[in-house]
Amino acid sequence: MGILIFSDIDGTLINSKQEVTPKTKLAIRKQIIKGNVFVPVSARMPKAIMSVVGEITKSCPMVAYNGALVLDEKGHVLASHFMSSSKAASICTYIERQNNGVVWNVYSDDNWYYFPGNNNDLVENEEKIVKFRAQPSSITEIKHLEHVHKILLMGTPDLLDATQKELRRLYPELYIVKSAANLLEVVVKRVSKGQGVKVIAQAFGMELKSCWAFGDNYNDEKMLQSVGHPVIMGNAPEDLKKKFRTTLDNNHDGIAAILDNLN
């Protein structure tokens with residue numbers, strides 16, 4: 001049995017042009033040929049994960065929504081954690097009342113809903129990155145969803161810092177973490193990328209201490225802490241680079257630099 005290689009996508013697997021470079025693609029494919037298993041671990045929805053990973057392999061297990069949804073290589077659900085649609089609607093209502101330019105997005109299974117307000121360019125930019133279209137929606141519609149895997153808030157870094165602080169006070173039962181300077185993720189408390197990789201490791205009967213993981217941001221920290229071989233990208237925030245082994249940045253094949261030297 002090979003090892004599990006976990007990797008974040010944005011800022012890690014893909015470069016700043018939103019591409020997996022040929023060198024990184026080849027390095028991962030070589031590991032798959034050796035019998036190792038590549039596992040994308042992302043805040044993205046499953047379809048938006050495969051829009052990137054499909055260039056490397058046609059099937060793989062994955063951790064989506066920061067760990068709220070974990071799928072095996074056939075797409076069967078290994079774990080699914082969600083908040084009620086009424087709680088999601090109350091958070092979206094809070095955001096709309098602030099009326100400060102922060103935009104809410106709600107994800108349920110493989111659907112992405114957003115509020116069509118003033119800052120649609122933020123949503124359009126995210127659509128370009130993940131190669132998937134969001135559906136315009138309303139709080140009334142959100143209330144009628146079966147469940148919500150994730151809320152994503154978009155806005156300026158300063159506004160999101162203040163929003164994160166306030167939402168943590170109002171909703172202590174939720175896990176609220178930044179995945180980028182302009183993106184704030186909201187999932188239920190027991191959810192994290194760290195939990196997600198544990199579910200995958202158990203499914204494969206693997207010890208996490210023999211696994212590798214690559215990440216670049218705060219929502220990757222619990223994943224990195226849970227494996228035996230954590231690697232942080234050169235483009236990560238400085239305080240995270242002090243905690244983990246650092247590789248080159250995502251524009252200079254940081255993943256390949258490590259994988260090409262694995263024995």
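Biologist: Is Thr-247 buried or exposed?

Modeller: Buried means under 20% relative accessible area, exposed over 50%, and partly exposed in between, using a 1.4 Å probe and protein chains only. Thr-247 has 11% relative accessibility, so Thr-247 counts as buried. Before we go on, this is a predicted model, where local features need pLDDT of at least 70 and side-chain atom pairs count only at pLDDT 80 or more, while totals for chains, interfaces and linings use all residues. Residues are numbered from 1 along each chain as its sequence is written, and side-chain values use heavy atoms, with hydrogens and water left out.

Biologist: Thanks! Where is the place of Thr-247?

Modeller: Helices (H or I, at least four residues) and strands (E, at least two) are DSSP runs, numbered from the N terminus. Thr-247 sits in the loop between strand E14 (245-246) and helix H11 (254-259).

Biologist: Which residues does Thr-247 touch?

Modeller: A contact means heavy atoms within 4.5 Å. Leaving aside residues up to four places away in sequence, Thr-247 touches Val-231, Ile-232, Met-233, Gly-234, Gly-254, Ala-257 and Ile-258. For a polar contact, look for a pair of N or O atoms within 3.5 Å; within protein, one must be able to donate a hydrogen and the other to accept it, and residues adjacent in sequence count only if both atoms are side-chain atoms. Here, a polar atom of the Thr-247 side chain lies 2.7 Å from the backbone oxygen of Gly-254.

Biologist: Now the sheet, please. In what order do the 6 strands form an open sheet?

Modeller: Strands of a sheet pair through backbone hydrogen bonds, either parallel or antiparallel. Two strands pair if DSSP finds at least two bridges between them. The order in this open sheet is E8-E7-E6-E9-E11-E10, with mixed pairing. Strand E8 (135-136) and strand E10 (174-180) are the edge strands, each pairing on one side only. Strand E6 (residues 103-108) and strand E9 (residues 150-154) run antiparallel, joined by 5 bridges, and Val-106 stands opposite Ile-151 in E9.

Biologist: Which strands does helix H5 touch?

Modeller: Axes are lines fitted to C-alpha atoms, for helices over the stretch in contact, and angles run from 0 to 180 degrees between N-to-C directions. Helix H5 (residues 120-130) packs on the sheet and touches E6, strand E7 (111-114), E9 and strand E11 (183-188). The direction of H5 makes about 160° with that of E7. Helix H7 (residues 157-170) lies across E9, E10 and E11, at about 165° to E10.
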